[in-house]
Amino acid sequence: MGGTDMTRRGFLGKAALALGAASLAGCESAAPGKKGDKPLNVRYGLNLLVYTAAFGKDQIDLIKKVADFGYDGVEVPFNDLSLLDSKATRAAREKAGVGLTSCCVLLPGMNLVSEKAEERKAGVEQIKKMVDITAEMGGDVVAGPIYSPVGLLTRKARTADEWKWCAEGLRAAAEYAEKARITLAIESLNRFETYVFNLQADAAKMCREVDSPALKVQIDTFHCNIEEKDTAAAIRATGMLVGHFHACENDRGTPGTGQVPWKNVFAALKSIDYNRWITIESFAMGILDLCAAACIWRPIYDSADGLAKDGLKFLKEMARTA
């Protein structure tokens, strides 16, 4: 899937002081949990973008496939909402015994930071529609850069007015999501995809300003690898505001095959008692429009099924040893 926000960041002695400073400054990574500690209790999901750019009734069988791999849930891409079949998706999800989250974007003309009031209103209305559809499918999270279209850059830093407009829009959307018992999770993207939120700290600041239990931060390790000084420190600093988590390798390939500091990341998730979704996100090779949107110009994994299986195995091992 830039600005500055989300994030995924008497003394008790020198050691405690050093650890506290490291957590705030992002200079140190959380140490692995000791043997006997409470294990990380999370659910694992797979974003269906690894198989399809537009999920519809023809792709319903993917839900059972993902469940058979051992996942706890699927993440449905919400691009063209008209293609979605809420009833069929819910039925397939319930039959497979898995949960569901939605991966959402705003389209051109829908923008919470636009100077045009009609575009800001359209953005809020689109989020409300995505909340409704997610609830109809039996899901619990609407996640993604739900503040501005991906790739929309002004060639300037985010302004005070844009921040204010974004807060107003997210507050209205969050109030609506609260009633539906859906979590909104705003995702910080890298600087090449947005200027609104690049850092987890900025996204967390926005959540605190909106002050709704329905608004949280989505952390994505692909974007963190580009923007954060220390991904683990950013996770710890965001703390209980982390509401969704995308486990993505630095090249968007299979988790565990690149240079994301996974041990430190999982130790940080454990340190904040994270107990929500850990979802793998990658993109279907061979779908030209999707790969172009994600700037993928070369193979990044051998097969989608291999990525799904190997990635899940790796993440479970990271959680087991955190």
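Is Cys103 counted as buried or exposed? At 1% relative accessibility, Cys103 counts as buried, where buried means under 20% relative accessible area, exposed over 50% and partly exposed in between (1.4 Å probe, protein chains only).

The structure is a predicted model, in which local features need pLDDT of at least 70 and side-chain atom pairs count only at pLDDT 80 or more, while totals for chains, interfaces and linings use all residues. Residues are numbered from 1 along each chain as its sequence is written, and side-chain values use heavy atoms, with hydrogens and water left out.

The protein chain holds 11 helices and eight strands; helices (H or I, at least four residues) and strands (E, at least two) are DSSP runs numbered from the N terminus. Of the 322 residues in the protein chain, 55% are buried. The accessible surface of the protein chain is about 14,500 Å², and carbon and sulfur atoms account for 52% of that area.

The eight strands close into a barrel with parallel pairing, in the order E1-E2-E3-E4-E5-E6-E7-E8. Two strands are taken to pair if DSSP finds at least two bridges between them. On average, neighbouring strands of this sheet are turned by 30° against each other, direction ignored; axes are lines fitted to C-alpha atoms, for helices over the stretch in contact, and angles run from 0 to 180 degrees between N-to-C directions.

Strand E8 (residues 277-280) pairs on one hand with E1 (residues 43-47), in parallel and through four bridges, and on the other with E7 (residues 242-247), also in the parallel sense, over three bridges. Ile280 in E8 stands opposite Leu46 and opposite Ala247. The side chains of E8 are divided: Trp277 and Thr279 point one way, Ile278 and Ile280 point the other way, and all are buried. Ala143 has Ala185 in E5 as its bridge partner.

Helix H3 (residues 86-96) has Ser86, Thr89, Ala92 and Arg93 as its buried residues. Seen down the axis of H3, these residues fall within an arc of 135°, so they line one face of the helix; the arc is that of the directions from the helix axis to the C-beta atoms. Lys87 and Lys95 are exposed on the face turned away from the buried side of H3. The cover over the buried residues of H3 includes helix H2 (61-68), strand E3 (99-104) and helix H4 (117-137), contact being defined as heavy atoms within 4.5 Å.

Ile60 is found in the loop between E1 and H2 and is buried, with a relative accessible area of 12%. When residues up to four places away in sequence are not counted, Ile60 touches Phe55, Ala88, Thr89 and Ala92. Ile60 and Leu84 are 24 residues apart in sequence, and their C-alpha atoms are 9.9 Å apart in space. Gln126 lies in helix H4 and is buried at a relative accessible area of 5%.

Cys291 is buried, with a relative accessible area of 7%.

Key. Accessible areas come from the Shrake-Rupley method with a 1.4 Å probe; for residues, only the protein chains shown count as cover.
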